[in-house]
Amino acid sequence: MAAYSSRKPFPFARWAVIPAVLLAVCASGMIGFTNGLLSPGVRTHELGPSAQSVGGEGPEVSGGTESGEAAVQGADPLDAYAMSLDLLQRRYYGARIDSHRARTLTYEAIRGMLGSLRDQFTSYLDPGEWQQMETMTEGDFGGVGAFMLQAGDKIKIDRPMPGGPADKAGVKPNDILVSIDGKAVRGRNVDDLFDLLQGAPNTVVRLGILRGKQTLVLPVTRAVIEPVIVQHWMEDNRAKIGHIVLTEFNRKSITQMNAAFADLERQGVRALVFDLRFNPGGLLDAAQDVASVFIPENSKPELHNNVVIIHHGDGEEEGLPLEPEQHKHGQLPLVVLVNGSSASASEIVTGAIRDYGVGTIIGERTFGKGKVQTLFEMSHGRDGGLRLTTSLYYPPKHYDINFEHDDDGNRIPGTGGIVPDIVVPESTQWKEDFEDKANDNQLQTALIFLRARLEKKSMAEATQLAQRYADTEKPARTALDIVPGKPHSTTR
Amino acid sequence: MKRSLKRSLSLVFIAGAVLGGFFGGKMFGKQMRQAHGRVLAWNDSHAFDSALDDSNAEVPPAELFRSVLDKVQHDYVGSAASVSDARLSNGALSRMFASLNDPRTTYLDPTLYQAREEALKGSFYGIGAALAIVVTHKEDVDFRYLTVQAVMPGSPAEKAGLQPGDHLTELNGHWIIAYSVLADYDRALQKTRAEAQHHPADPSRQANHVVTNIRQGLTVSKALPLLLTGKGKPLQLTVERNGQAAPFHIRLTTGLTRVNPVTYQVLDKRVGYLQVRQFNAQAASAVEKALDGLDTDLKGLIVDLRGNPGGVKADAKSGVDGYDCALTLLSHLTPGGTVGILEARPGRRSPVTLQAVERPVSLPLVVLIDAGTANLSELVAAGLHDRRRARLIGAHTFGDDVLPLFAGLKGNGGVEIDTAHLFTASGVDLNRGLRPDIPIDAHLSDTHSDPALKRALRALLY
């Protein structure tokens with residue numbers, strides 16, 4: 001009789017088998033997942049064709065990626081660039097393309113690539129320019145004391161600061177800027193040009209100017225420019241209409257604005273002209289704060305208390321909210337004055353005030369820049385950096401204020417920006433100086449409007465009175481002259 | 001038994017499930033990586049990732065380009081059309097090549113590349129001429145002109161009277177700006193000052209004049225498509241010609257001109273006449289066909305290189321390589337040896353040495369040349385002349401020593417790169433051109449009589 005050997009009892013209960021197997025499968029699945037996630041070889045381009053001599057095989061491209069993300073028809077910029085550089089390094093008669101030369105050629109290729117975007121706000125800064133920009137934002141620097149505006153395809157020097165370096169050197173309003181230190185400005189990004197104008201105080205920059213039919217080169221000695229951020233007056237002492245000018249949106253803007261507003265309140269202000277003409281923009285949170293001064297919370301539920309909506313590259317959108325603690329001064333009849341040099345953050349505030357219905361916009365169509373740029377450093381600045389448009393922004397009611405441009409990147413006049421409720425072209429008599437009030441027809445229109453409102457006239461009637469005043473002025477300029485400019489605040 | 005089988009099967013099953021889990025997970029992980037690849041790729045691009053960057057190591061240029069391309073493709077916000085690969089590629093390459101400031105080294109966008117390729121194969125669109133940028137010096141200033149190198153027979157250019165050497169300075173009233181697009185204002189002003197001496201004008205208006213004309217001008221890259229592509233379009237050109245004091249205008253309508261690269265016939269029953277209009281693959285086989293087994297009873301052979309703008313160095317498979325064709329022609333007409341010199345870099349020269357074919361032509365030779373004989377044609381003429389193999393009859397040649405390398409960029413257009421300079425076997429730079437042994441004062445468009453050809457026949461028959 002065979003004896004049955006006794007087996008060791010199974011160490012785990014039978015019911016535990018299936019869960020154990022499942023656990024093992026899950027564990028191995030996770031290990032596999034991690035392996036797949038980290039495995040290299042996806043999304044790499046092989047750089048440089050295998051060396052081929054002409055007369056044999058043609059230059060080859062080892063393209064295509066594992067991910068199958070291969071672009072349409074082989075039109076891959078990286079391959080084209082790499083092949084071209086390789087051909088130049090191996091076959092070019094004119095110069096030896098050493099590593100330094102290859103680098104500068106690559107900077108040019110990058111410039112060309114960005115130039116094809118036809119976005120005047122996107123550019124590449126080479127190491128020298130990047131260095132200059134960094135010095136400017138960090139330390140004390142000098143400016144020339146003049147705005148630069150994009151007027152059509154010309155760069156116009158606008159409003160040299162009285163007594164400032166440009167003024168002392170003989171720069172006059174409406175001079176056309178043609179070159180900076182001998183380098184032509186044509187086709188260059190205005191932000192970059194602005195950076196070239198800045199520099200250490202007491203250094204000289206040579207501005208090539210076209211004035212009418214004359215060409216001049218003016219040496220301008222840079223000096224530290226003290227910024228005036230806010231100016232204010234009780235513009236009409238009888239009707240108690242105040243006037244606050246904000247020149248840019250920076251860290252000091254909100255405190256200076258509140259101080260100005262408080263001072264006007266002490267004088268019994270009953271209506272306000274808020275002047276954003278020539279304000280080129282600035283910090284986003286400054287715009288949030290300033291808009292919040294005028295806009296109360298929860299006044300229009302459908303706008304969700306958004307000051308502005310930011311649209312990111314990946315399609316995501318976020319709303320930036322009102323700051324209710326800034327709304328300290330109550331609600332007054334309000335006019336916002338704008339012109340073609342009101343840009344960016346100025347347009348955010350104008351758009352918000354308009355969309356929440358707390359003010360009337362008077363003046364000229366604004367600049368039309370609803371784009372945010374991000375700076376990207378390359379190799380710690382040793383290879384310069386990028387200035388890239390990375391988000392768009394929309395006013396609370398979500399419409400696009402960016403201007404349109406043609407195939408060459410030139411702005412199409414009459415597109416973009418915020419069109420005022422009452423359009424008043426700037427009078428040719430006005431010296432574009434806030435002190436020159438008699439000739440400032442836009443300001444006068446605003447005062448007429450606000451006086452009518454204070455006299456309890458209806459919106460329609462007040463608008464009509466103001467418009468009639470604006471229209472009886474001599475025609476300010478021809479349509480061709482009203483070209484929105486890209487302003488630059490010198491006041492930093 | 002049953003139990004152990006059951007157990008084995010269970011083990012196999014469990015093992016299979018576990019392995020399946022592993023590979024399934026791996027596939028899923030790969031998918032995830034591909035979907036979010038751009039995020040990971042950003043971390044891969046060393047140029048932007050400061051944390052990983054070894055602060056002393058230099059980032060390779062290609063990595064810089066790739067990083068920027070990546071940023072533009074994923075972080076830039078603009079209209080979808082503007083971020084197309086084709087536009088980015090075009091923009092990058094145009095500017096990169098323009099920065100070399102070398103009129104003979106240039107990027108060709110897909111349209112121009114195709115037109116150039118077809119022209120090299122004998123189909124000329126546009127005005128039907130070969131053009132090049134030529135540099136001259138005037139009053140200490142470098143002037144660059146878009147210049148006619150050769151005029152194709154039957155072309156709109158020929159009908160309008162354009163000649164080799166003509167400078168095209170305006171197209172439809174716009175300045176053709178042949179200097180580098182990166183030239184600065186000062187240089188442009190210099191040019192205008194020199195030009196203004198032709199036109200007595202108020203000096204203070206010069207600068208304004210310059211600014212206006214540059215703004216409205218056409219760079220070469222904008223002018224060439226209008227001149228070298230398409231058909232049926234009327235154009236007005238302003239031309240400056242040596243020997244004529246003032247510029248003049250011509251009007252023409254673009255068209256398609258087909259050029260037969262090689263023709264051969266026997267003249268007067270006694271002299272062979274081989275006309276080679278272009279150097280390319282088709283010409284090479286036609287030359288071989290004409291010269292292999294050439295009748296040895298002929299009194300002589302005339303090789304007509306008038307109006308032949310030469311050719312390029314290119315991939316053998318492309319059909320447009322002219323260099324080998326030129327060598328083929330030479331190898332049929334000479335007993336081998338050094339026929340010229342190629343300088344691949346300034347100072348680095350090497351001889352062009354040929355092995356002749358089995359039975360090269362040994363008949364007396366005359367080569368016909370004129371102002372439209374350029375580049376490889378000049379190399380051939382010099383190669384035959386220097387060895388006293390042939391006499392040159394006609395007019396002084398163009399004087400173009402640049403051998404261009406022509407290459408496509410696989411869907412991104414192509415490039416033409418100055419890859420070598422051409423010299424005669426005795427070391428004379430071909431940019432001087434060649435003088436004829438027997439000068440004749442006439443050019444190819446004179447269809448009713450051909451004095452140069454007559455003179456060549458006389459030389460061989462009498």
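**View 1. How much of chain A is buried.** Of the 492 residues in chain A of this predicted model, 53% count as buried, meaning under 20% relative accessible area with a 1.4 Å probe and protein chains only. Chain A carries eleven helices and 17 strands, taken as DSSP runs (H or I, at least four residues, for helices; E, at least two, for strands) and numbered from the N terminus.

**View 2. Where helix 3 of chain A packs on helix 4 of chain B.** Helix 3 (residues 99–115) of chain A and helix 4 (residues 85–98) of chain B have axes 7 Å apart and an angle of about 140°. On the chain A side, A:Leu105, A:Glu108, A:Ala109, A:Arg111, A:Gly112 and A:Met113 make the contact, with heavy atoms within 4.5 Å. Their partners in helix 4 of chain B are B:Leu88, B:Gly91, B:Ala92, B:Arg95 and B:Met96. Sorted by type, the contact residues come out as six nonpolar, two polar and three charged, with Gly counted as polar.

**View 3. Helix 11 of chain B, tucked in.** Ten of the eleven residues of helix 11 (residues 323–333) of chain B are buried, so the rest of the structure largely encloses it. Among them are B:Tyr323, B:Cys325, B:His332 and B:Leu333.

**Notes for the views.** Residues are numbered from 1 along each chain as its sequence is written, and chains are lettered from A in the order in which they are written. In this predicted model, local features need pLDDT of at least 70 and side-chain atom pairs 80 or more, while totals for chains, interfaces and linings use all residues, and side-chain values use heavy atoms, without hydrogens and water.

Definitions and conventions. Buried < 20%, exposed > 50% of the residue type's maximum accessible area, 1.4 Å probe, protein only. Axes fitted to C-alpha atoms, helices over the stretch in contact; angles between N-to-C directions.
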